[in-house]
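I opened the model to look up its strand pairing and the surroundings of its ligand. My entries follow in the order I made them.

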Amino acid sequence: MTEERSVPDFAHFWEQFKRYPLRDKVIAALGVMRWALRLYKFDSREPFIIERKVQVLKWKGGIIEVGRGARWAMGSKIVVGGHLRFGSRAILGPHSTLMCATEVSIGDRCMFAWNVSIFDSIGHRLWMERVGEVEVEAPITIGNDVWVGPYSIIMKGVTIGNNVVIGAGSVVRRDVPPNSLVYGNPARLAGKVERWER
Ligand SMILES: CC(C)(COP(=O)(O)OP(=O)(O)OC[C@H]1O[C@@H](n2cnc3c(N)ncnc32)[C@H](O)[C@@H]1OP(=O)(O)O)[C@@H](O)C(=O)NCCC(=O)NCCS
């Protein structure tokens, strides 16, 4: 005899929910609120992980697209007024700061260690003698499989190729070609990368 299996409807889950102890009800309600908040804040629908104490500020007109399986680690800050693309399975390390005023594009499987800063704007208008007004903001493009060491800073207008390693404490102000190792302040080419492992 074949038994027809019906899909439980909303009423079924509601009846189950009503039987939960209060503590579980609060946890479930918070989970639903968090999910709803994400739908409102993010322009992509892929599942990804946001750890504790992550601050996400999205200004009017900002777009945030995050790939499947990405992770924003605890204490990181993300401020978006432009268009942020964060690749799938990419990791933003603990206490890192990502500011996007124009366009910041981060490839898949990138790994940012702790206390990394990425910002595409100097934040204020600045005039220099003989030079005149300094460019305030310019997009940042980071390729796939880029590994950035702790306390590194990636600034406006920089393009970083695929498969790049950036040493700890580097200040990246110029483009980095693919498959290269750079470090220092300012970050300089120090070798060729064959591959690295997560
Ligand atoms: C980039 C890195 C991997 C290079 O390691 P390496 O190939 O073993 O390099 P070495 O330690 O042999 O150093 C070679 C030279 O570069 C210098 N150097 C290496 N890393 C440097 C860095 N981050 N900043 C400035 N100089 C650096 C060394 O002082 C050395 O200089 P010298 O030849 O004048 O003595 C490493 O230095 C680094 O930054 N490690 C941090 C990794 C990390 O962030 N881990 C966190 C986990 S996410």
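I began with strand 9 (residues 103-106) and strand 14 (residues 140-142), which run parallel and are joined by three bridges. The model is a predicted one. I looked for a residue facing Ser 105 and found Thr 141 of strand 14 opposite.

Next I traced the sheet around this pair. The sheet is open, has five strands in the order 3-6-9-14-17, and pairs in parallel. Which are the edge strands? I noted strand 3 (63-66) and strand 17 (159-160), each of which pairs on one side only.

I then turned to strand 20 (residues 180-183), which pairs with strand 21 in the antiparallel sense over four bridges. Val 182 has Leu 189 in strand 21 as its bridge partner. Between the two strands of this hairpin I found four residues. In the hairpin, Gly 184 takes a positive phi near 100°.

I checked how well strand 21 (residues 188-192) is covered.

Last, I listed the residues around the ligand. What surrounds the ligand? I wrote down Ala 113, Gly 149, Pro 150, Val 165, Gly 167, Ala 168, Gly 169, Leu 181, Tyr 183 and Gly 184. Sorting the shell around the ligand by type gave me six nonpolar residues, four polar and no charged.

Key:
Residues are numbered from 1 along each chain as its sequence is written. This is a predicted model: local features need pLDDT of at least 70, side-chain atom pairs count only at pLDDT 80 or more; totals for chains, interfaces and linings use all residues. A residue is near a molecule or strand if its C-beta atom, placed from the backbone, lies within 6 Å of it. Ala, Val, Leu, Ile, Met, Phe, Trp, Tyr, Cys and Pro count as nonpolar, Asp, Glu, Lys and Arg as charged, and the others, Gly among them, as polar. A residue is buried if 20 or more other C-beta atoms lie within 10 Å of its own, exposed if 12 or fewer, and partly exposed in between; C-beta atoms are placed from the backbone. Two strands pair if DSSP finds at least two bridges between them.
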